[in-house]
Amino acid sequence: NEGQISNLPNDAIVETLATVTGKEIRPEQCGDLPGAVGSLCRLHVDVQEMTVQAALRGDRNLLVESLSLDPLCAGADFVEISDLADELLAANRHWLPRFFDS
């Protein structure tokens, strides 16, 4: 996002229309996402940022917090979310060494 969606952070990854020429790619401005759609997209951006920060820090508690805010986990209770975090970490141990360094 380089200002195409004005109510999302400028560093968020977004898919928008663009004009492509032989010399450049110029994103098209679309303004604010309306109401609940904007809120839901902002929530996804925030959850993704928390997940990245958890991975960079090796912070399991932050990972559990991000999963608990993710709409895809809305039907899970906190025990299930904690178990999910452990399963995800175990499955991705090779790529997430900070969670396992002592």
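## Ground rules

Residues are numbered from 1 along each chain as its sequence is written, and side-chain values use heavy atoms, with hydrogens and water left out. Because the model is predicted, local features need pLDDT of at least 70 and side-chain atom pairs count only at pLDDT 80 or more, while totals for chains, interfaces and linings use all residues.

Let's start inside. The largest nonpolar core is made of eleven residues, among them Met50, Ala54, Cys73, Ile81 and Phe99. A nonpolar core here is a set of buried Ala, Val, Leu, Ile, Met, Phe, Trp, Tyr and Cys residues joined through side-chain atoms within 4.5 Å; buried means under 20% relative accessible area, exposed over 50%, and partly exposed in between (1.4 Å probe, protein chains only). At least two residues of this core come from each of α1 (35-57), α2 (60-69) and α3 (78-91), and α2 gives the largest share, with four residues. Helices (H or I, at least four residues) and strands (E, at least two) are DSSP runs, numbered from the N terminus.

A second, separate core has five residues, including Ile5, Leu8, Leu33 and Val45. As a general background, nonpolar side chains tend to be buried together in soluble globular proteins.

The buried residues of α2 are Leu62, Leu63, Val64, Ser66 and Leu67, and their cover includes α1 and α3. Leaving aside neighbours within four places in sequence, Leu62 is in contact (heavy atoms within 4.5 Å) with Met50, Gln53, Ala54 and Arg57. At the start of α2, a side-chain oxygen of Asp59 comes within 3.1 Å of the backbone nitrogen of Asn61.

Ser66 counts as buried because its relative accessibility is 1%. Its side chain makes a polar contact of 3.2 Å with the side chain of Thr51. Such a contact is a pair of N or O atoms within 3.5 Å; within protein, one must be able to donate a hydrogen and the other to accept it, and residues adjacent in sequence count only if both atoms are side-chain atoms. Not counting residues up to four places away in sequence, Ser66 touches Val47, Met50 and Thr51.

## Gly38 and Cys41 in α1

Gly38 is found in helix α1 and is buried, at 5% relative accessible area. Cys41, in helix α1, is partly exposed at 28%. Apart from neighbours within four places in sequence, Gly38 is in contact with Asn7, Leu8 and Leu33, and Cys41 with Leu8 and Leu33.

Cys41 and Ile5 are 36 residues apart in sequence, with 11 Å between their C-alpha atoms. For Gly38 and Glu28, ten residues apart along the chain, the C-alpha separation is 18 Å.

## Gln4

Gln4 sits in the segment before β1 (18-20) and is buried, with a relative accessible area of 6%. Its side chain reaches the backbone nitrogen of Glu2 at 2.3 Å. Beyond residues up to four places away in sequence, Gln4 touches Val14, Thr16, Pro27, Glu28, Gln29, Cys30 and Gly31.

## The largest pocket

The lining of the largest pocket includes Pro9, Asp11, Arg42, Val45 and Glu49. A pocket is an open set of points on a 1 Å grid over the protein atoms alone where a 1.4 Å probe fits, with protein on both sides within 12 Å along at least five of seven lines; lining residues have an atom within 4 Å of a point. The volume of the largest pocket is about 180 Å³, taken as the space filled by probe spheres set on the points, which are joined across faces, edges and corners.

The lining residues divide into five nonpolar, one polar and four charged. Here Ala, Val, Leu, Ile, Met, Phe, Trp, Tyr, Cys and Pro count as nonpolar, Asp, Glu, Lys and Arg as charged, and the others, Gly among them, as polar.
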